[in-house]
Amino acid sequence: MGRPFGVPVYVAPSWFLVAALITWVFGDQIERVLPELGAARYLVSLFFAVAFYASVLVHELAHTIAALRFKLPVRRIQLQFFGGVSEIEKETETPGREFVLAFVGPLLSLVLAGVFYLSMYAVEPGTVPGVLLAGLMISNLIVAIFNLLPGLPLDGGRMLRAVVWKITGKPMSGTIAAAWVGRFLAVLVLVGLPLLTRTGLLGNSTDDISGLDTVTDALLAAILAAIIWTGAGNSLRMARLREHLPELRARSLTRRAIPVEPTTPLSEALRRANEAGARALVVVDGGGDPTGIVREAAIAAVPQHRRPWVAVSTLAQDLTDGMRVPAELTGQPLLDHLRASPATEYLVVEETGEIYGVLATTDVERAFVKAMARPST
């Protein structure tokens, strides 16, 4: 949709489904207030759906601006099913910043609700502008209140995480507490939302509730509960991964490699590697400078009887600047480097430029799995 503040904004395909649902449901509500509109009520309702998601975008932009002020990179903003998300690539350094980053979104939704409420005084009640402004006021109020619920992945959950982090001094403790509260909220939404609707505690009339309404309410509750439960679980997994990120070291994950000339037959290169106890081959020129890495998948694809006749240069991937990884890289900087230059193998080098070995992405992925399996401290 654009790049406000340099951050790309995307619309997920699920948004169109929700927009259609809002258009249909809000159209029926408009018919009760403005029956004279006829079929045009769905055009008004569609405008409301777009305006509502514009409000959601403003909510996410508040998170984005705060993140950028704190020097946190934002990958993108995505409008999707039941709201939006700002993909912030790094964690905040302090619980105070975490609290502010989470709070600005609901705060701006509350401000928008207040603006729409005051704007209602400038129009006549019972008109199209009046109905739209009332709908936008209520919807932004709901967004603010819902996001302030103290459970991950909601903004209120991040605020709770910041508070527990501040008290305990451990960000992981805050994540665990907020995630389990989020799971409790998911169960509460699954059971409580249909009950509230059936009993009329939400201010709705119970006289006109049909079987279809009951099914719709249950389906909506199930979807919301699934989103909250899944988001809480993902927050736990990501926090556990970040906790163990410092254990990912390029030096410790690197395979020993031997240099080979481009014309060396594959069979001879593998023989030398076995003798040296190496697991990777680096192609070098006449001066000993590396020019490529022999791909593990390419080696496996060559039959045994063909290996004496295949030169290693035909199986090598040419080196680019991004495929050179400093041996001292660890944790998030290491992952950022690999993500910036996707490849299957990387050449790990010392500060002097000397070849240290080859880093395979399969080894990094294996280290990820081990890190996720370790208990949190």
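Reader: Which element gives the most residues to the nonpolar patch?

Author: This is a predicted model. The patch on its surface includes Phe99, Phe103, Leu141 and Val163, and its residues have about 870 Å² of accessible area together. The elements that give two or more residues to the patch are α3 (95-119), α4 (128-147) and α5 (155-168). With 6 residues, the element that gives the most is α3.

Reader: How are the rings of Trp15 and Tyr53 arranged, stacked or edge-to-face?

Author: A pair of aromatic rings is described by the distance of the centres and the angle of the planes. The centres of Trp15 and Tyr53 are 5.6 Å apart, with 85 degrees between the planes. Planes over 60 degrees apart count as edge-to-face, so the pair of Trp15 and Tyr53 is edge-to-face.

Reader: Which helices does the pair of Phe26 and Phe48 link?

Author: Phe26 and Phe48 form a stacked pair, 4.1 Å centre to centre and with 20 degrees between the planes. The two residues are 22 apart in the chain, and the helices that they link are α1 and α2.

Reader: Is Phe48 buried or exposed?

Author: The relative accessible area of Phe48 is 7%. Buried means under 20%, and therefore Phe48 is buried.

Reader: Which residue lies over the face of Trp180?

Author: A charge sits over a ring if, for Arg, CZ is within 6 Å of the ring centre and within 35 degrees of the ring normal. At 4.7 Å from the ring centre of Trp180, the residue over the face is Arg183.

Definitions and conventions
Residues numbered from 1 in each chain as written. Predicted model: local features only at pLDDT ≥ 70, side-chain atom pairs only at ≥ 80, totals over all residues. Heavy atoms only, no water. Patch = residues over 30% accessible without salt bridge, like charges linked within 9 Å, V, L, I, M, F, W, Y side chains within 5 Å. Areas by Shrake-Rupley, 256 points an atom, 1.4 Å probe, with all protein chains shown as cover. Salt bridge = Lys/Arg side-chain N within 4 Å of Asp/Glu carboxyl O. Helix = DSSP H or I, 4+ residues; strand = E, 2+ residues; numbered from the N terminus. Phe/Tyr/Trp six-rings, centres within 6.5 Å; stacked < 30°, edge-to-face > 60°. Buried < 20%, exposed > 50% of the residue type's maximum accessible area, 1.4 Å probe, protein only.
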